[in-house]
Amino acid sequence: MTPPVLLSVAGSDSGGGAGIQADLKTFAALGGYGTCVLTAVTAQNTRGVDAVLPLPPRTVTEQLEAVLSDFPVRAVKTGMLGSPAVADVVAGAARAGRLPNLVVDPVLVATSGHRLGVVDAVRRLLPYAMVATPNRSEAAAILGIEVRTVEQMAAAAERLAGSGPAAVVITGGDPPAGTVPGAGDPGGGGPGAGDPGGAGGGPDAGDPGGEAVDVLWTGGTVTVLRGPRVPTRHNHGTGCTFAAAVATRLALGDPVPAAVRAAKRYVTRALTGARDWELGAGSGPLDHFGPATR
Ligand SMILES: Nc1ncnc2c1ncn2[C@@H]1O[C@H](COP(=O)(O)OP(=O)(O)O)[C@@H](O)[C@H]1O
Ligand SMILES: Cc1ncc(COP(=O)(O)O)c(N)n1
């Protein structure tokens, strides 16, 4: 059977763990066919980003035309945009209705701390998103407010949805200092439990008992998605992988809540598969195709 076609609009990670490389692996692992439009080339490895070359808007336009004129693209994921001018090119295609099931991952800063994007570029694309997937610090930067607790994640998701996206997932993969703060009952609830007040005080990434808590806002409903926090230094590209998985599941026909749950499960498995890997000296990549992902 012909697989559904996905498009990733993102930067290249020479280390292969994030960006275009993570997106194409995720699309393939989940049964899609991946195409790509490069926005920037980064010199990057598990330790950090050494250089960034943003591509000219015209080169991005030409790649978009090449892909969209030939492939029946069913869903699109954007990551690093490179520049506001490139964001305008992509927003133009979205405005023209050429980017269906658009998942916008507002990449601003790499896990290593290197700046990869600006809020101004992300703002130009958000109005056209079906799903936006900022992490907590990205949501905080876009809105100019603090986003740490589950209550703050829920409020931020609702505010971001006000700027256009049909759904917003704020991801909480980054280990906060010591705990995932949130008032109320720390217990209960698998992925999909619906109590925004119940993040609990799970220990952070160093503790196998902790949780990775994401918050989904869609159609006026807040859903708290909980998963086990995988204790690992191999966590480079989690945000890219998550957003690419959401896009793939949308392309396969899932509604947004199901797509988001499936994406969270996939990231957890890809993290689990690479837990004992020793690739690079810093934040290593995920296991996109390993037995844990099946
Ligand atoms: N150590 C971890 N264990 C389990 N899930 C994780 C871990 N780190 C990130 N995730 C999950 O990966 C997805 C991407 O989130 P996040 O890491 O916050 O994105 P980003 O890379 O943009 O910071 C979310 O579903 C988040 O809960
Ligand atoms: C080209 C590119 N795009 C996106 C990210 C963010 O990935 P992460 O948040 O996992 O560092 C990255 N490091 N490089």
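The model is a predicted one, so local features need pLDDT of at least 70 and side-chain atom pairs count only at pLDDT 80 or more, while totals for chains, interfaces and linings use all residues. Residues are numbered from 1 along each chain as its sequence is written, and chains are lettered from A and ligands numbered from 1 in the order in which they are written.

Ala 141 belongs to helix H5; helices (H or I, at least four residues) and strands (E, at least two) are DSSP runs numbered from the N terminus. Setting aside residues up to four places away in sequence, Ala 141 touches Leu 108 and Val 119, a contact being a pair of C-beta atoms, placed from the backbone, within 7 Å.

As for the rest of H5 (residues 136–143), its buried residues are Arg 136, Glu 138, Ala 139 and Ile 142. They sit on the same side of H5, because they cover an arc of only 165° around the axis, taken over the directions from the helix axis to the C-beta atoms. In general, an α-helix has 3.6 residues a turn, so residues three or four places apart point the same way. The packing partners of the buried H5 residues are helix H4 (119–125), helix H6 (150–161) and strand S7 (167–170). Just past H5, Gly 144 adopts a positive phi of about 70°.

Zooming out, the protein has 8 helices and 9 strands, and 55% of its 294 residues are buried. Of the contacts between residues at least 6 apart in sequence, 70% join residues at least 24 apart. Val 90, leaving out neighbours within four places in sequence, is in contact with Val 9, Thr 78, Leu 81 and Leu 125.

Then there are the ligands. Around ligand 1 there are 20 residues, with Asn 135, Thr 171, Gly 173, Ala 212 and Gly 239 the closest; a residue counts as near if its C-beta atom, placed from the backbone, lies within 6 Å. Strand S8 (211–218), H7 and helix H8 (256–273) each give two or more residues to this shell, and H8 supplies the largest share, 4 residues. The shell of ligand 1 splits into 6 nonpolar, 10 polar and 4 charged residues, where Ala, Val, Leu, Ile, Met, Phe, Trp, Tyr, Cys and Pro count as nonpolar, Asp, Glu, Lys and Arg as charged, and the others, Gly among them, as polar.

Ligand 2 has 19 residues around it, and Gly 11, Ala 18, Gly 19, Ala 110 and Thr 111 come nearest. Here strand S1 (5–13), strand S2 (33–45) and helix H7 (238–251) give two or more residues, with the largest share, 4 residues, coming from S1. The tally for the shell around ligand 2 is 7 nonpolar, 11 polar and 1 charged.

Definitions and conventions: A residue is buried if 20 or more other C-beta atoms lie within 10 Å of its own, exposed if 12 or fewer, and partly exposed in between; C-beta atoms are placed from the backbone. Two residues are in contact if their C-beta atoms, placed from the backbone, lie within 7 Å.
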